[in-house]
Every structure is written in C-alpha cells, then in structure tokens.
Amino acid sequence: MDVMRLAGRAREGEDERLSEAPLQAFRATDAFAHAAARAAASLGGPGGEALRADIVGAVLRCGAGLLVASESPRGSGAEASALEGVTRALAGTRYALYLARRLGALDLRSYRSLAARADAAAREVRALRERLPSPRAP
C-alpha cells in the first residue's frame, strides 16, 4: 500500500484531524495484522490449520480493503464499501482469534493483546468511515 498516498490526503485542504484519519486507520490495522499473522503462525491443536488460514486471509482482506479505499476518490461509494469490507474482515479475524482461544490454541494473554489491537483498528476504521461525506440524494 502506498502509505504516502494516505498521508497525502492531508494536503487536500481538509482539517488536520480529518486528514490524518486514513493514516491512523492504516497504522492501527497494520499493527493488528502483523501481530495476528505472527500469532496465527504458531497456532496448533484442533483446528489450528483452518484458523491460521482464516486469520491470514482476513488480515490480507484488511490490507486489500485499505488499499482500495486509499485509491478511491475521497467520499466515494467505493471508498465507503472498501472500508466496510475492512470492518468485516477485522471482525472475522477477531472471531477466529476468539475460537483459537476457546480451543486452547492461543493463550489468554496473547488473545487479550490481539483483541485490544483489533478493537483499536476497528475504532480507527470506524472513525474514518464516519468522517466520509454523506452520500448526496439523487
């Protein structure tokens, strides 16, 4: 992803808090994705392989969604749709991690840390979605 493109939105005449939102969403999601992928690599036990695949697939969808959002015109339906997809992928990843915890493949401390990172990423993506201009009525 072109992180500089996200940062470049700051130069589009928006106030600073609004213009930093795409970069903050990327950073929070990236931190979660990295930690989740590392944790997934160590999953064993019952369902470990399937959970690894689910987690890795979901974090890849997060990255892809953020890329599409960064390449879409600001406030477009494509940007909103991509960010909604990121939100769904984050929720899917969080649930896979929950299942890993319930099945004993992930210790409680790791799960809590990952859940906190997932929640932080979801908050940033949600804040970004909420700052999008509302669609115009036809």
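**Starting from a serine**

A: Happy to. The side chain of Ser 70 comes to 2.8 Å from the backbone oxygen of Leu 67. Keep in mind that this is a predicted model.

Q: Okay, and which helix does Ser 70 lie in?

A: Ser 70 belongs to helix α4.

Q: Is Ser 70 buried or exposed?

A: Ser 70 is buried: its relative accessible area is 5%, and the cut-off for buried is under 20%.

Q: What about Ser 76, where is its place?

A: Ser 76 sits in the loop between α4 and α5. A polar atom of its side chain lies 2.8 Å from the backbone oxygen of Pro 73.

Q: And is Ser 76 buried or exposed?

A: Ser 76 counts as buried because its relative accessible area is 17%, and buried means under 20%.

Q: Let's zoom out. How many helices and strands are there in the protein chain?

A: The protein chain has six helices and zero strands. From the N terminus on, the order of elements is α-α-α-α-α-α.

Q: How much of the chain is buried?

A: Of the 138 residues in the protein chain, 39% are buried.

Q: And what share of the contacts join residues at least 24 apart?

A: That share is 68%, taken among contacts between residues at least 6 apart in sequence.

Q: Good. Tell me about α5, how many residues does it have and how far does it reach?

A: α5 has 26 residues, and its first and last C-alpha atoms are 37 Å apart, close to the 38 Å expected at 1.5 Å a residue.

Q: Which residues of α5 are buried?

A: The buried ones are Glu 79, Ala 82, Leu 83, Val 86, Ala 89, Leu 90, Thr 93, Ala 96, Leu 97 and Ala 100. The cover over the buried residues of α5 includes α3, α4 and α6.

Q: Pick one of those. What is Ala 96 in contact with?

A: Leaving aside neighbours within four places in sequence, Ala 96 is in contact with Leu 51, Asp 54 and Ile 55. Ala 96 is buried, with a relative accessible area of 4%.

Q: How far is Ala 96 from Ala 40, C-alpha to C-alpha?

A: Their C-alpha atoms are separated by 9.6 Å, although the two residues are 56 residues apart along the chain.

Q: How do α4 and α5 pack?

A: Helix α4, residues 48-71, packs on α5 at an angle of about 160°, and the axes are 8 Å apart. That makes the two roughly antiparallel. The crossing of α4 past α5 is left-handed.

Q: Which residues of α4 and α5 meet?

A: Among them are Leu 51, Asp 54, Ile 55, Ala 58 and Val 59 from α4, and Ala 89, Leu 90, Thr 93, Ala 96 and Leu 97 from α5.

Q: On to α3 and α4, at what angle do they cross?

A: Their axes cross at roughly 160° and come within 9 Å. That makes α3 roughly antiparallel to α4. This crossing is left-handed.

Q: Who meets whom in that pair?

A: On the α3 side the residues include Phe 26, Thr 29, Phe 32 and Ala 40. The α4 side includes Arg 52, Ile 55, Val 59 and Leu 66.

Q: Last stop, α6. How many residues does it have?

A: α6 covers residues 108-130, which is 23 residues. Its span from first C-alpha to last is 32 Å, close to the 33 Å expected at 1.5 Å a residue.

Q: What happens at the start of α6?

A: A side-chain oxygen of Asp 107 reaches to within 3.2 Å of the backbone nitrogen of Arg 109 there. As for what comes after α5, that helix is followed by Gly 104, which has a positive phi near 80°.

Q: And how do α5 and α6 cross?

A: Their axes cross at roughly 170° and come within 10 Å. α5 and α6 are therefore roughly antiparallel to each other. The contact involves residues including Leu 83, Arg 94 and Tyr 98 of α5 and Tyr 111, Asp 119 and Arg 129 of α6.

Q: Which residues of α6 are buried, and what covers them?

A: Tyr 111, Leu 114, Ala 115, Ala 118, Ala 121, Val 125, Ala 127 and Leu 128 are buried. Their cover includes α3 and α5.

Technical notes: Residues numbered from 1 in each chain as written. Predicted model: local features only at pLDDT ≥ 70, side-chain atom pairs only at ≥ 80, totals over all residues. Heavy atoms only, no water. Helix = DSSP H or I, 4+ residues; strand = E, 2+ residues; numbered from the N terminus. Expected span 1.5 Å × (residues − 1). Buried < 20%, exposed > 50% of the residue type's maximum accessible area, 1.4 Å probe, protein only. Contact = heavy atoms within 4.5 Å. Polar contact = N/O pair within 3.5 Å; in protein donor to acceptor, adjacent residues only side chain to side chain. Axes fitted to C-alpha atoms, helices over the stretch in contact; angles between N-to-C directions. Parallel < 35°, antiparallel > 145°, perpendicular 65-115°, else oblique. Left-handed = near helix turned anticlockwise from the far one by under 90°.
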